[in-house]
Amino acid sequence: MLVADPRTAAAWRRFRQEFADAGPERRREMLRERANQSRTTDLHMIGRAGLGHVGGDMSVLDILTTLFFGVLRVDPEKPDWADRDRLVLSKGHTAGALYATLAASGFFAEAELETFAGPLSALNGHPNRVKVPGVETNTGPLGHGLPVSVGMAVAAKLSSSSRHVYVVLGDGELQEGSNWEAAMTAGHRRLDNLTAIVDRNRLQQGARTEETNTLDPLDDKFRAFGWDVLEIDGHDHLSLYDAFTAARGERPTCVIANTTKGRGVSFMEDRVEWHHKVPSAEQIVTAAAELAR
Amino acid sequence: MSAPVATETFDNRVAFAEELIALAREDERIVAVCNDSVGSSNLVQFQKEFPDRLINVGIAEQDMVGVGAGLALSGYVPFVCGASPFLTGRALEQIKADVAYSQSPVVLCGMSPGMAYGELGPTHHSIEDLSWLRAIAGLDVVVPADPAETRSAVRWAAHAARPVFLRVGRFKVPAVTGDRPFTFGAATTLRDGSDVTVVAAGTMVSRALQAAEEAAEQGVSVRVLNMSTIAPLDEDAIRRAMAETRGIVTAEEATTTGGLGAAVAAVVVTERAPVPMRLLGIHREFAPTGTTAFLLEHFGLTAGDIRQAAIGLARTDA
């Protein structure tokens with residue numbers, strides 16, 4: 001098990017405080033910069049390892065950054081704190097994005113990122129909760145995160161805890177039937193302490209989702225299962241923040257976050273081949289320059 | 001003809017339910033998760049006493065196991081109950097990823113395993129479960145033989161704080177374990193013997209004891225091991241059997257392809273002087289229509305079949 005990095009955790013705390021005190025435009029800028037730093041970190045990590053899911057990582061990083069740097073009640077130095085909010089990354093193939101975010105929050109030292117996917121590294125190609133603090137359950141195979149999150153939300157209800165459970169789903173992943181079993185349970189049990197975020201980038205490994213097995217109308221599907229649904233721009237940090245912290249009704253919330261796979265890197269955006277293609281050293285330099293703008 | 005198995009018989013699910021309720025009264029972390037199986041998992045009384053702690057997700061096994069994992073990762077001790085063919089078959093990947101690989105301390109309770117649903121046919125028979133689950137790292141596989149051992153195993157599992165699969169039989173069995181409590185990872189010698197060892201689990205244990213009794217009348221001394229932990233296997237008990245008896249018969253209400261017999265055989269063949277074996281069970285075959293009792297007979301799993309196998313081994317070797 002990796003251990004917290006107190007200096008980075010302290011910096012994360014300062015960021016959280018400054019964020020809490022800031023006005024909307026400053027907040028937007030803070031999260032935008034932070035997310036793009038994680039994108040650059042992730043690109044280097046993937047380049048070093050020679051593998052990773054770069055397209056999905058770029059897609060989901062605004063969601064993860066908003067959660068960890070603006071929303072989640074967690075403590076990087078007490079990752080097992082019982083009443084922490086839970087974040088489950090169901091689309092576990094974007095482990096790189098999660099690792100970059102956790103390291104930037106101080107859950108473990110950023111130097112560990114250099115080991116990503118290497119022999120005996122804690123940072124496996126898919127997240128492992130036993131090895132990596134901040135990871136709540138092992139994911140990788142698709143369609144697992146939502147049922148486990150439903151269990152966590154039921155547990156919070158049983159314990160009368162105010163902790164909230166967030167689960168990030170890939171859109172292609174919703175083709176797995178287990179999600180709909182869990183969506184039904186969450187709706188039936190009126191789990192208002194559960195928020196599912198769909199990273200709706202409309203691309204899966206081999207093709208567009210709507211060309212593979214149509215998901216639309218996705219909002220109606222979740223509504224029919226007893227959920228409240230919000231549809232937003234998944235790269236607009238303030239919209240994400242508002243959606244994650246909105247006053248809740250008596251139903252679980254599904255945030256359909258419309259995103260672009262490969263977001264922030266012009267030659268990757270909305271291109272199916274960047275699902276897990278590895279950028280060259282030159283491409284990383286170009287991408288990092290774009291992300292620094 | 002073999003003599004009838006002992007007179008009074010019991011449904012292990014009754015012992016399971018009573019012990020689970022007793023535990024739930026002591027510890028509010030105990031919850032039950034099921035798939036529309038409140039009745040068949042014998043959870044009616046649990047639901048009456050602890051309505052909030054019975055989470056019925058409906059006919060949705062993948063969800064059921066995932067929900068169990070989420071509860072376990074939040075400090076609860078979930079007993080996830082469903083008919084064994086569907087719990088293990090439909091949710092196999094959830095058992096692997098969400099429970100075993102994630103080290104979520106869930107107690108998976110496979111109800112009515114083996115051919116308990118005799119006439120309902122092979123779709124409802126759970127004979128592959130031991131093979132599937134034995135292959136998963138970090139998952140304990142436990143098959144209690146009778147009500148007393150079921151109680152003892154339920155109590156152990158509640159405090160084990162690790163992923164466990166508990167096979168809870170519906171087919172009525174006699175009491176065989178007496179006052180020997182379930183001991184995780186240890187085979188229990190229910191009868192000592194010097195010629196042949198029968199290694200049995202679940203429904204087969206009482207039949208093995210009867211077979212030993214009958215074999216004794218024919219001058220063959222049979223040791224009977226109750227192998228209630230299939231994984232991890234008590235390899236020392238197998239090695240002792242190899243050193244002290246001249247052959248091993250395994251008997252299980254499951255496919256021999258990967259189940260108890262295969263587990264024991266894997267130990268036997270790694271020794272310098274292996275002993276001959278007979279693997280009793282189901283050999284890659286779907287069952288015909290019939291009651292559980294008929295099917296056990298059909299597949300050669302009666303006390304008489306076990307006796308014959310044991311005597312055959314004793315005489316082959318002599």
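Guide: In this predicted model, Ala, Val, Leu, Ile, Met, Phe, Trp, Tyr, Cys and Pro count as nonpolar, Asp, Glu, Lys and Arg as charged, and the others, Gly among them, as polar. On that basis, the lining of the second largest cavity divides into 6 nonpolar, 1 polar and 6 charged residues.

Visitor: What makes a space in this structure a cavity?

Guide: A cavity is a set of points on a 1 Å grid over the protein atoms alone where a 1.4 Å probe fits but cannot get out. The structure holds 4 cavities of 30 Å³ or more, so each of these is a space that the probe cannot leave.

Visitor: Why are residues said to line the largest cavity, and which are closest to its centre?

Guide: They are so called because each has an atom within 4 Å of a point. Of the 19 such residues, B:Pro113, B:Arg167, B:Gly169, B:Gly202 and B:Thr203 are the closest to the centre. The lining comprises 10 nonpolar, 5 polar and 4 charged residues.

Visitor: Which residues lie nearest the centre of the second largest cavity?

Guide: Of its 13 lining residues, these are A:Val74, A:Asp85, A:Phe107, A:Gly134 and A:Glu136.

Visitor: How are these names and values set?

Guide: Residues are numbered from 1 along each chain as its sequence is written, and chains are lettered from A and ligands numbered from 1 in the order written. Local features need pLDDT of at least 70, side-chain atom pairs count only at pLDDT 80 or more, and totals for chains, interfaces and linings use all residues, while side-chain values use heavy atoms, with hydrogens and water left out.

Conventions:
1 Å grid on protein atoms, 1.4 Å probe; cavity = no way out; pocket = protein on both sides within 12 Å on 5 of 7 lines; lining within 4 Å. Points joined across faces, edges and corners; volume = space filled by probe spheres on them.
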